[in-house]
Amino acid sequence: MTESLLLNLSLLILFLPLLGFTVVLFLGKKFPKLYLFEVGIITTAFLLSVFVLFAKLSYFTAQDIGSSFTWISMSAAPLLGNINIELGIKIDNITAIMLFVVNLISFLVHVFSIEYMHGDKRYTRYFSYLGIFTFSMLGIVLTDNLLMMYIFWELVGLSSYLLIGHWFEKKSAADAAKKAFIVNRIGDIGMFIGILILFTHYKTFSFDIIFQQLSLGNIPFNSEVWLTAAGILVFMGAVGKSAQFPLHVWLPDAMEGPTPVSALIHAATMVAAGVYLVTRIFVMLTADAMLVIAVIGAFTSLVAATIALTQNDIKKVLAYSTVSQLGYMIMSLGVGAYAFAFFHLVTHAFFKACLFLGSGSVIHAMHHEQDIRNMGGLRKKLPITYFTFLISTIAISGVPLTSGFLSKDGILAGTLAFGKLTGHWLIPIMGFTVAMLTAFYMFRLVILTFHSEPRDHHKFEHAHESPFVMAAPLVILAVLSIFIWYTPNPFAPDAGWFMKDWVKTPASVVPVETQFDFMNPSSSGNHSELHREIVHSPLYTEAMHWAHYPAMALSIFLAGMGILVAYLMYQWKKINADKLAEKIKVLYNFSLNKWFLDEVYDATAISGTTNFSKFLSWFDNTIIDGAVNGTAWLGRFFSKLSDMFDTYIVDGFVNFSAFFSGFIGLSFKRLQTGKVQTYIVFVVFAVIILLLFFKPF
Amino acid sequence: MFQVGLTQFLIVSTILFSLGIYGIVTRKNAVMVLMGIELILNAANINFVAFSTFGNYGISGQIIALFVVILAAAEAAIALAIVLNIYKTFTNVNVDEIDSLKE
């Protein structure tokens, strides 16, 4: 087992999907069976990533493997001087785990899609797009520098756009694709500026070099403000891609894409790329930046959870739950619970992919019915889908014995500890509220879809359990939502190999005075060493310890409350949901209409942009065109002037000389009579005059 | 009694010359014009001979006069030939009507 083998395998995993994409895209129309090639490629990549995962975790547990080469070398770049732009990959534990997660879910989604997308007009193209998405996502995971991160970042944006707009004949799908792309751009602008701040100062994109410089006290432009700004700006990319408030509006609309795509891109992997990005830059975040991140994450999760309460589209509920869970991860990173954030990313990827594929299975069975008010009683018709869906729902609700309980509990403990250490109690309050809301709306979804009586009998009669290729991925993902894969003790995530050995919080490299006190290990240690064994300050460890049991008890209690209320309202009908909605109509409408955020954006950002472009159009038509036309008019005026000068002055002069010569000629013509005698008279008189004049005598 | 000297010769030649000019200018007929030219030539001859006689120039004046006579004969021959051709072309020999060069 050598490092170079791992590197080569990783590169192979990275480029295989690209090969699949190219081949299937260009030849797919001719050979419709080529989608099997794409599936085969992903299978291979998945198997390789399993190998890489085990090799990395067992042979190189505490060691990072990386390799890079100089892509562009400039000795005298304008403003920057000597720069080398390097491309490279880096495999640490997080990368290896992400490789596995991305490839696994991509593989399962491919398999699921074989049946789900069967008979689609653009069947092979769909698979080739899945290929380019997988390639881009793996690029994000493997990269060791910000430039490649940005490139692949845009590539996943592109593939997301292509896949949301897969059914572009539908206007809503085309609009959703556009919306996703444009909203993501807004975040990416911030990310780009952040990257350029770092690049301008450090003249490198490499994470390791930037962090090393930072740990030596070399901060951008010698100002902590710039450092904070760089952190927040790069985080803006994550705000866009991970659908954080206020840029979360694209994700629910993105559900217009095929459901397996929603599972792969808009639930499990791409939206997690934002979280992954923040884990990558985690060490360079100052306390201020982290607070901003924590607040945005907490607020996002609260907003999304309240909206999810009242949505009636099965995919919309899941979409808002995704936004909410992503907010959780971001919040977790903001409060410094780095490892739990990544842990939640992984567990969430599995159970949310399972939920989405499950919803796909339901939609497939119901012949593209997505409204849960028309479902019900599907438990009998779709037993496999029901059980896997239920397990994932239990996991996302944070019920013990599931993976979701472990990661959520860790995050909540982190927020609680953060609240205790810094006094920002609002963040844990939001976190716990969301935990309860999540349990409620997820069980509402399950009860309305699978329990109770069928409400649309016609569709119910025709519903049928999905075939094996659709059911198998559900089962695999549901199994991965059980605690046992992550820790032997279902109540202590720290005890498991995942948290204990694999994922460790790296120490912050920003100057001590800009860190949270608790982030700073009291034994400041050797800063030049890149891979620090992280020891939080005793303060933090103590706080986490203090928070552990209260958080656990509270989260179990709140999840139970949420589930109980859901059962009371929808299963046993003890509380009339409609009457309740009537009673708090204002709040209900607020939630149903997604906090009116789309309307607010319509009224502000969109109409502002429209008006601004109208103004620009006016400016173009009046000022710019006016200037151009004015110039043309001036040119015409001057040429007319010069024309007149030519006609009257130059030509006049020429004509005048001609006329003058003619006049002279005419005058002298009279002397030339043609009569010899006249001439002789002239001669005689001339001689006489000459004689008189010169007087020779 | 008055002495016939150079002055008298010159007066005669001047009168002759003037008559010649007068003839050339006033006559319409080309032949008459030619005759005026003859008069002018002869006025010149008189001058040559007179100056030769009253000056110390030997007989060169008389010789030149002879040349002029020969020249006049040749000139008359050519001029009359031209006049004949003019007559053939224009059916008259009036010099004031032969002015087609003017155009």
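## Overall form of chain A

The model is predicted. Chain A has a secondary structure of 26 helices and two strands. Its radius of gyration is 37 Å, whereas the globule rule gives 26 Å for 697 residues, so chain A is more spread out than a compact globule. Taken along the principal axes, the box filled by the C-alpha atoms of chain A is roughly 155 × 70 × 55 Å.

Of the 697 residues in chain A, 49% are buried. Among the contacts in chain A with a separation of 6 or more, 79% are between residues 24 or more positions apart.

## Helix α16 of chain A

Helix α16 of chain A covers residues 383–397.

The buried residues are T385(A), Y386(A), T388(A), F389(A), I391(A), S392(A), T393(A), I394(A), A395(A), I396(A) and S397(A). Just after α16(A) comes G398(A), which takes a positive phi of about 85°.

## Packing of helices α3 and α14

Two packed helices are described by the angle between their axes and the distance between those axes. In chain A, helix α3 (residues 93–116) packs with helix α14 (residues 338–365) at an angle of about 0°, and their axes are 11 Å apart. Angles under 35 degrees count as roughly parallel, and α3(A) and α14(A) are therefore roughly parallel to each other.

On the α3(A) side, the contact is made by I94(A), I97(A), V101(A), I105(A), F112(A) and Y116(A). The α14(A) side contributes F342(A), V346(A), A349(A), A353(A), L357(A), G360(A) and H364(A). By class, the residues of this contact between α3(A) and α14(A) comprise 11 nonpolar, two polar and no charged.

## The position of L162(A)

L162(A) lies in helix α5 of chain A, which covers residues 146–164. A residue is buried if 20 or more other C-beta atoms lie within 10 Å of its own; L162(A) has 21 other C-beta atoms within 10 Å and is therefore buried. F133(A) is 29 residues from L162(A) along the chain, and the C-alpha atoms of the two are separated by 9.5 Å.

## Chain B

Chain B has three helices and zero strands, and its pattern along the sequence is α-α-α. The radius of gyration of chain B is 17 Å, while a compact globule of 103 residues would have a value near 13 Å. The C-alpha trace of chain B spans about 55 × 25 × 25 Å along its principal axes.

Buried residues account for 17% of the 103 residues in chain B. Of the contacts in chain B between residues at least 6 apart in sequence, 45% join residues at least 24 apart.

Notes: Residues numbered from 1 in each chain as written. Chains lettered and ligands numbered in written order. Predicted model: local features only at pLDDT ≥ 70, side-chain atom pairs only at ≥ 80, totals over all residues. Helix = DSSP H or I, 4+ residues; strand = E, 2+ residues; numbered from the N terminus. Rg over C-alpha atoms; globule rule 2.2 N^0.38 Å. Buried ≥ 20, exposed ≤ 12 C-beta atoms within 10 Å, placed from the backbone. Contact = placed C-beta atoms within 7 Å. Expected span 1.5 Å × (residues − 1). Axes fitted to C-alpha atoms, helices over the stretch in contact; angles between N-to-C directions. Parallel < 35°, antiparallel > 145°, perpendicular 65-115°, else oblique. Nonpolar A, V, L, I, M, F, W, Y, C, P; charged D, E, K, R; others polar.
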